[in-house]
Structures are given as structure tokens and as C-alpha cells.
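Colleague: I have a structure open and would like to learn how to read it. Could you walk me through it?

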Amino acid sequence: MTTGSVGSEGADDRAGWAVLAAASAGALLCFLNLSALNVALPAVARSLHASPTQASWILLSYMLVSTVCILSFGRLADLWGRRRLFLAGLCLFVAACAACAFAPDAGLMLAARICQAVGAAGVMANASALVSDAFGRRRMGLALGVLAMVAALAQVVGPLAGGFVVSWWGWRVLFMLNVPLGLCVLALSWKVLPVGAAVRSERFDLAGAALSFVGIGCVTYALSMAGTRGWTSTPVWAFMFTGLGAIALFCRVQVRASSPLVDPSLFGDPARRSAYAGILLLSMAQAAPLVLVALYLQACAGLEPSQAGLRVAPVAFGMLMAAPVAGMLIRRFSPEAVCVGGMLLAAGALAMLATLLRPEIGAVPLSLCFWGLGLGIGSFVTPNNASILQTVTPQRRGIANGVRSTLQNTGIMVGTALALSVALARLSPGSQRSVLGNAGAGLSGLDVAIFTRGTSAALALLAVLCLAGSAMIASSRRRAMRLQSQG
């Protein structure tokens, strides 16, 4: 190897790590903003005299709007350029943070949160694709592992930092701090992100985008209501059927469109199809156990919200440890093999949690279960991302990542709604309100026993979903190897 080639390779490495730093910093800001508000929401609601509905939507709107936007933004990134959309999203996010900090009432706060979510979607739809472009296939896994580690870090730091800032300086400072931090990330991104070539020969699919907005928005909204209103609620089913109808029409339009929003060829590769299905199934088991057990510990064990939060925190530490290791493992093993191992580990942790769950469960066994769950999730996410993005042409990486992010967010909401409906199914409406309202002292001994069985059943169901995902990915891998040997 010549001195010139070594120097060129070193320069490429430095440029790649700079892109990773900018993408990670942008993603960290967006994820921190979501997790920190979980702690700050009561203070925000009291200060702005928000109704219960307004308070819930100040939190919910961020996930709903970002989920709806990510798919279209992934495609826009391919057409318009990833650098442009990332910078535009970051600019909007920073401006919306300032608007949140100075919001005089709940209505304007909600509007600012929606703008924040749109900006965050522009960042999140591009982060993985930018990193994939910057690193060669050999080192992509490690870089994506670092990015996944950043998302896990936000889950740990967000609630802790949010609680500290709100307690000492107030909730407005929490949003105001994002402004100078965001401007620093914006300056770094402007300097290091490469100018990619836009695909000017293709048009943006407006009809597909509109149908995806309606479909994803209605399904996500229905799922967000299902946990509290129940699956038999008329509004839940009305939005669900509307959304599914729009998604069905969207699929039909994509097959016929000359420049579709989602290229149907993305699903032509069996390995990528399995990876997409796998992220949907694992995401259903990612956030639901945290919500369920946090509610359970408050309702049945009498823990304070802060204590319950600490008991489920090990899941984020497990993810933090496993994500970069999984990125290195896929340099020696196939991504599918590491994904299967991660899903099996998550399934085992959930099964153990379902078996051990009692009001008197100790902190050590609970922490071990959640740590194992975090290790499983972290071991899955990095190779799954690599499996999706490694074989996609650079002109399709934005939309490929957009599909993955949309499925991940949808899976989180589906899993949470499904787990809550199973866990609360046999409780009376009054007892359900006590659980969801953190009024655990109102539960009778019989209610505690019913809620324990329901929560264990929900956790077991999530474990079965992980087992199903691992079996599906393993089967797809065996078929691919069999075809290769025959060819």
C-alpha cells in the first residue's frame, strides 16, 4: 500500500468519524428531548394550566408527528440531499425549542411541540443513512452501533437530566438549554456533513406521501387511544379502519407509480424483508415492558415514580453495553445470526420477568431481567440496521432507513397499546383508572392479584413475539444459504 493511499484512507476515516459525531449529536438532542419531558410533564402542565388532554398531547404529539413524517422525509432526503434535510430539520428543531421555552399557554406549547417533532423527523430520518454513506461496508456495523448506543444513552440521561434541571431551574430552562447546544451541533454539521448528489431525475410522490400521512397517522392515533379507551372503542376502530384503508391504497399506488415514495424493490430482498419484520416485532417488546412494570410497581408495590424509574433503568444500560459490541460482532458473524441471538436473549429476559413478577419482587432480580432485556435489544438493533442498509444503493438509503424508523415507532406504539390492553383487561374501569392514574393505594388485594396475572400474561406475549421474530429471521437465513449453495 502506498503512502498516498494510507493518507487517503486516514482522511476518509477522520471524515467518517466527524459525520458520525454530528449525526450522533443531532440524534442525541432529539431523543433527550423526548425522554426528558417524561419527567418534566407534570411541571409543564401545572405551569401552563393544561387540561389532562392537552398535557397528554404535549407528550404524545412528538412521537405521533415524527412517526408520520419520517417516511416522507426519508424519501425527500434521497431526492433533495441528506445534508440539506438534516440541517433544515435541526434548524426547525432548535427554533421550536426556543418557542417551547417561551410558550405562554398550553395551545402554543402544543404547536411548538409539533414543530419540534417535524424538525426531529428530519434529523432522525437522516442520521443512520448519513453514517452509512460515510463508512464503508466493513466498518458500517461499528458506526451504526455507536449511533444505537447514543439512543440508549439518551434513555438513561434524559430522565435524570430532566429531573435535575426542572427541580433546580424550572422546566423552561430544560427547553432553553437545547438552543445553544443545538446551535453548536448545527455549526458542526454544517462544517462536516458532505454534500451528497440529489436524484433530480425522479419526482417526489405527493399522492403516496398524502396517503402515508393519513394511513400512518390514523393507525398511530388509534393505537395511542387503545391503551386507555380499550380496543372496543368506536373511535379506536374508526381511526384504525381509516388508516388501514389508506395504507392498502398506498401500497397499490406505490406498485404503479413511476417514482414511488417507497420503492417496492426494497422488499424484494428476503433478508431485508425479515429485517423489517424483525424490527417491528422487537420494537413491540422494547418500550411496553418499561411502561407496564413502572405502572405495576407504583400500583401494586407502592413505589414512587422516581423509584419505579430507577428499577427499569438497567434496560438502557444493557443497550448501552451491547450496541457497540454487536457492531463489532457483525464483522465476524452474519448480521442475521447476531439478530437471532439478540431476540432470543430479549425473549428469555421477558419470560423470566413474567415468571418472577410479584409485588414483593426484589430490586436485584428485577434489574437483572431488565439488564438482560437491554442486552438483547442492543444486540439486535445494530446488526438489524446494518442488514437493512448494507445492500441498499446510496440513492435509496434515506427511504430504506425511513421505512425502518417508521416500523420501529409503530411497533413501540402497537406493543404498548397491546400490552396495556392485556394487562388491564380483567380489571374494573375504576381499578384501571387507579393504575393509570398512579393511585395504587386504591387497589384491593384481589385487584393486585388480577393485575399481576394480566401483566405477566402481557410480558409472556411479548416474549412470544421475540421468539417468533428470531424463528422468522433464522428461517430466512437458512433459505438464503440453501439458495446460495444450489446456485
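Colleague: Where should I look for the largest nonpolar core, and how many residues does it have?

Modeller: Keep in mind that this is a predicted model. A nonpolar core is a set of buried nonpolar residues joined through their side-chain atoms. Here the largest one has 58 residues, and Phe 370 and Phe 451 have the most contacts inside it. The elements giving two or more residues to this core are α10, α11, α12, α13, α14, α15, α16 and α18. Its largest share, eleven residues, comes from α18.

Colleague: Which residues does Phe 370 touch?

Modeller: Set aside residues up to four places away in sequence, and you find Pro 289, Leu 290, Val 293, Arg 311, Val 312, Pro 314, Val 315 and Leu 353. There is also a second, separate core of 29 residues, which includes Ile 216, Phe 250, Val 262 and Ala 400.

Colleague: How many helices and strands are there in the protein chain?

Modeller: The chain has 18 helices and zero strands. Of its 487 residues, 54% count as buried. For contacts with a separation of 6 or more, 83% are between residues 24 or more positions apart.

Colleague: How do I read a pair of helices, say α13 and α15, and at what angle do they cross?

Modeller: Look at the distance between the axes, the angle and the handedness. The axes of α13 and α15 come within 6 Å and cross at roughly 35 degrees. This crossing is right-handed. Among the residues that meet there are Pro 314, Val 315 and Gly 318 from α13, and Phe 370, Trp 371 and Gly 374 from α15.

Colleague: Why is α16 described as largely enclosed by the rest of the structure?

Modeller: Count its buried residues: 24 of the 28 in α16 are buried, so this helix is largely enclosed by the rest of the structure. From its first C-alpha to its last, α16 reaches 40 Å, close to the 40 Å expected.

Colleague: Is Ser 212 buried or exposed?

Modeller: The cut-off for buried is under 20% relative accessible area. Ser 212 has 4%, so Ser 212 is buried. This serine lies in helix α8 and touches Leu 71, Ser 72, Gly 217, Phe 250 and Leu 261, leaving out residues up to four places away in sequence.

Colleague: And where is Arg 82 placed?

Modeller: Arg 82 is in helix α3. With a relative accessible area of 9%, Arg 82 is buried too. Beyond residues up to four places away in sequence, Arg 82 touches several residues, including Asn 126, Asp 133, Pro 394 and Arg 397.

Colleague: One more: what is Leu 282 in contact with?

Modeller: Leu 282 lies in helix α10 and is buried, at 1% relative accessible area. Leaving aside neighbours within four places in sequence, Leu 282 is in contact with Met 343, Ala 346, Ile 377, Phe 380, Val 381 and Cys 466. The C-alpha atoms of Leu 282 and Gly 342 are separated by 9.6 Å, although these residues are 60 apart along the chain.

Conventions. Residues numbered from 1 in each chain as written. Predicted model: local features only at pLDDT ≥ 70, side-chain atom pairs only at ≥ 80, totals over all residues. Heavy atoms only, no water. Core = buried A, V, L, I, M, F, W, Y, C linked by side-chain atoms within 4.5 Å. Buried < 20%, exposed > 50% of the residue type's maximum accessible area, 1.4 Å probe, protein only. Helix = DSSP H or I, 4+ residues; strand = E, 2+ residues; numbered from the N terminus. Contact = heavy atoms within 4.5 Å. Axes fitted to C-alpha atoms, helices over the stretch in contact; angles between N-to-C directions. Left-handed = near helix turned anticlockwise from the far one by under 90°. Expected span 1.5 Å × (residues − 1).
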